[in-house]
Amino acid sequence: MEKKIINPQKDILVLDKVSKQFGGIQAVEDFSMTMKEGELRCLIGPNGAGKTTVFKMVMGVYMASSGRILFKGEDITSLKASKRARKGMSIKMQVPGVYEEMTLRENIRIAAENYVPKKDLETEIDRLIELVHIKDLGNPLVKNMSHGQQQWLEIAMALASNPDLLLLDEPAAGLGPEETDFTAELVTELNNQGLSILFIEHDMNFVKKIANDVTVMYYGKKFVEGPIDEVVNNPEVIRIYLGNS
Amino acid sequence: MFAYFYQFIDSVSFLVLAALGMAIIYGMMGITNMAQGELIMIGAYVTDLTVNLLGLPLGIAIACGALFSGVVGLILDRLVVRHLYDRPLDSIVVTWGLSIAISQLTFIIFGSSMKGIAIPFGSFTVAGKSYSYYKLMLIAIALVLIIATFVVFKFTRFGLHSRATMQNREIANSLGVNADRMNAGTFMLGAALAGLCGGLYLPAMALTPNYGDSFLVQSFVTVLVGGADPLIGTVFAGGGLGFVEGILDMRLNTFYGKIGILLIAILFIRILPKGFSGLYNSVQMDIKTRRNKRGGALA
């Protein structure tokens with residue numbers, strides 16, 4: 001992956017009073033957040049706080065009920081997910097968003113075909129497979145791969161578009177200690193290459209290891225935001241989410 | 001013996017040509033298109049008008065019929081079907097309503113019947129019985145279409161993206177695949193195949209506004225017995241049903257042939273509700289499990 005040229009003063013993602021209602025349920029309410037280029041930020045909060053809903057609104061899987069979403073300065077609030085993806089945004093879903101009935105290479109090909117010239121496609125697929133350390137598997141049907149391998153495959157698929165913003169929904173969920181360590185290294189390396197990354201995670205060791213800034217959500221609203229060391233020592237955050245353990 | 005073989009492959013090609021479009025729409029989009037018969041009828045009408053009014057050759061007329069049905073399919077998808085992507089039961093009722101509207105509109109515009117076209121290419125004789133060369137050509141076309149469909153869905157970008165959209169629309173969208181466009185393209189392809197079938201069988205059948213009904217039952221049963229995989233399903237169901245229908249047609253008559261395939265449909269709903277595709281998948285899974293166990297034992 002080529003190192004991206006970034007301007008840390010420039011906003012890459014702005015959520016301006018974004019809300020989402022499902023029938024009578026207010027999943028997210030007036031949520032605002034700004035991310036700078038090259039930032040590695042984590043969204044944390046108890047289950048049901050609205051984190052995944054925010055992710056899906058950013059990606060365009062759910063349309064916001066109100067508020068504005070700006071990506072690289074452009075208002076993308078009403079754009080479909082496929083158009084947002086083509087503007088340089090990609091996502092790894094909470095439940096591995098891979099095609100289980102297809103092969104590993106077919107999965108990456110679907111993701112890469114819209115962005116990579118045909119003559120470079122196979123080389124790019126090889127590069128992505130190597131990047132996420134699943135080269136030794138060959139080309140199995142995805143349903144025969146482990147959960148961790150599927151998570152990495154999905155990250156490879158998300159990277160196929162050479163995005164400017166990567167959304168990772170629980171990248172360490174269900175992984176063993178070694179797999180979690182590799183995922184942390186991978187995310188850090190991608191960020192060092194200039195990729196802006198917003199991720200959701202419950203594993204606080206993982207979060208402390210890689211995130212610089214953290215936004216805490218609670219009952220669909222932003223609760224607090226700041227550097228990781230400040231947030232994890234905030235008594236209110238400890239009360240509502242982290243506990244005393 | 002040749003008579004049985006001819007009848008069998010004739011039945012198989014009829015079922016495959018009639019069902020392929022419906023199977024693609026059902027397998028890829030989950031939509032049971034009850035207006036498929038009318039798309040077949042539209043293809044036949046355009047073929048008839050192109051030959052009898054414009055005087056163009058039959059081959060070009062059939063291609064025009066397929067193209068026109070494809071365009072009608074695209075319009076139906078954009079106006080109606082796209083609102084039913086995640087509503088399989090509603091799609092049956094709405095497309096059934098569309099089928100009634102289209103056939104009645106055709107009756108109002110063109111009346112109760114059309115001139116039709118004579119069957120081309122002549123015939124040949126085996127053991128004192130006469131057989132049509134044209135029907136042999138239909139068999140070859142059915143075979144070519146199956147291979148072409150396999151190639152399109154397995155090896156082309158459209159096929160890969162279409163399968164991706166079928167398996168998970170949300171992921172496909174997030175990867176930059178325009179799922180709406182893939183569905184529209186798939187519905188258009190299914191409609192064009194219906195139009196092609198209508199044009200191909202025009203020389204062999206009388207053309208009325210109810211022309212599509214002759215195909216709808218068989219194609220519906222073939223898709224039902226075949227299951228969700230448009231290729232595996234159509235090939236196996238077409239083969240199995242064609243065998244039963246062919247034998248019954250020859251031994252008794254066409255009425256019993258149709259009763260035979262309906263009985264098979266009932267048996268499949270009871271015993272194999274996922275059809276041949278489901279059976280194929282479970283056999284594959286069994287083989288894989290056995291292989292894994294053997295691998296584990298060796299390790």
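In strand S2 of chain A, the bridge partner of Asp11(A) is Lys36(A). Helices (H or I, at least four residues) and strands (E, at least two) are DSSP runs, numbered from the N terminus. The structure is a predicted model, in which local features need pLDDT of at least 70, side-chain atom pairs count only at pLDDT 80 or more, and totals for chains, interfaces and linings use all residues. Residues are numbered from 1 along each chain as its sequence is written, while chains are lettered from A and ligands numbered from 1 in the order in which they are written.

**Chain A**

Strand S1 (residues 11-22) of chain A pairs with S2(A) in the antiparallel sense over eight bridges; two strands pair if DSSP finds at least two bridges between them. Both strands belong to an open, antiparallel sheet of four strands in chain A, ordered S2-S1-S4-S5. Strand S2 (25-36) and strand S5 (74-75) of chain A each have a single partner strand and stand at the edges, so one side of each is left without a neighbour in the sheet.

Chain A has nine helices and 10 strands. Its radius of gyration, taken over C-alpha atoms, is 18 Å, close to the 18 Å that the globule rule gives for 245 residues, so chain A is as compact as a globular protein of that length. The globule rule is 2.2 Å times the number of residues to the power 0.38.

**Contacts of chain B**

The contact between the chains takes 15 residues from chain B and 20 residues from chain A; two residues are in contact if their C-beta atoms, placed from the backbone, lie within 7 Å. On the side of chain B that touches chain A, the largest share, five residues, comes from helix H6 (157-167) of chain B. Within chain B, helix H9 (residues 213-226) and helix H10 (residues 230-251) pack with their axes 8 Å apart, at an angle of about 115°. Axes are lines fitted to C-alpha atoms, for helices over the stretch in contact, and angles run from 0 to 180 degrees between N-to-C directions.

**Confidence**

The predictor gives the complex an ipTM of 0.79 and a pTM of 0.80. Chain B averages a pLDDT of 87, where pLDDT is the predictor's confidence in each residue, from 0 to 100.

| Helix | Confidence in chain B | Mean pLDDT |
|---|---|---|
| H12(B), residues 275-298 | lowest | 72 |
| H3(B), residues 58-79 | highest | 96 |

Where pLDDT is low, the predicted coordinates should not be read in detail.
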